[in-house]
Amino acid sequence: MSRNVAVKFSVSENNDNREINILREISAVRGDHPGQNHLVQMLDYFMVDGPNGTHGCLVLEFLGPSVQGVIDSYRDHRLPAALAKSTAYQALQGLKFLLQHKIVHAGKPNKLCFEYDLTALSKTFTQETSRLNCQILTS
């Protein structure tokens, strides 16, 4: 099955495994809590040796733009009321899930992201690559 992912490379000097451990814990929880659907899932983790040292690499779900980025895209720097309400509700569901599993969220608020409609995004990407006469390379 083909799937879009995000790969996050850590700085080689950073041997801090807190993020990996927390993401593993979140991904390992099985259940039907609605808040879990509003947390990024780690799909895999690997190490890569580079010219500047060894880097930890997280393979994560592909997410859309940050909430802050979307807010900034509006002229008045405010989300429409319905979108703001829905975003806040989903964030609180995610935080409630973390609380129930005794996981503390100490991240920055700019880490909140929207989810892309990947079907629509793929269609737009395909149209643009055709328009620009580009070739999509896959491995």
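What follows is a walk through this predicted model, from its overall layout to a few individual residues.

Local features need pLDDT of at least 70 and side-chain atom pairs count only at pLDDT 80 or more, while totals for chains, interfaces and linings use all residues.

Let's begin with the whole chain. The protein chain has four helices and three strands, taken as DSSP runs (H or I of at least four residues for helices, E of at least two for strands) and numbered from the N terminus. Along the sequence they are arranged as β-α-β-β-α-α-α. The accessible surface of the protein chain is about 10,800 Å², with 55% belonging to carbon and sulfur atoms; such areas come from the Shrake-Rupley method with a 1.4 Å probe, and for residues only the protein chains shown count as cover. Of the 139 residues, 22% count as buried, where buried means under 20% relative accessible area, exposed over 50%, and partly exposed in between (1.4 Å probe, protein chains only). Among contacts (heavy atoms within 4.5 Å) with a separation of 6 or more, 60% are between residues 24 or more positions apart.

Thr87, Gln93, Gly94, Phe97 and Leu98 are the buried residues in H3. They lie on the same side of H3, because their arc around the axis is only 140 degrees, judged by the directions from the helix axis to the C-beta atoms. Helix H1 (18–28) and helix H2 (67–73) are among what covers them. On the face turned away from this buried side, you will find the exposed residues Ala81, Ala82, Lys85, Tyr89, Leu92, Lys96 and Leu99.

Leaving aside residues up to four places away in sequence, Ile103 touches Ile22, Glu25, Ile26 and Leu98.

Gln36 sits in the loop between H1 and strand E2 (42–50), and it counts as buried because its relative accessibility is 10%. The side chain of Gln36 reaches the backbone oxygen of Val29 at 2.9 Å. Beyond residues up to four places away in sequence, Gln36 touches Ile26, Val29, Gly31, Gln41 and Phe97.

Finally, the backbone has two spots worth a look. Most residues other than glycine have a negative phi. His77, in the loop between H2 and H3, has a positive phi near 55 degrees, and at 46% relative accessibility His77 is partly exposed. Lys102, in the loop between H3 and helix H4 (118–131), also has a positive phi, near 55 degrees. With a relative accessible area of 75%, Lys102 is exposed.

Conventions. Residues numbered from 1 in each chain as written. Heavy atoms only, no water. Polar contact = N/O pair within 3.5 Å; in protein donor to acceptor, adjacent residues only side chain to side chain.
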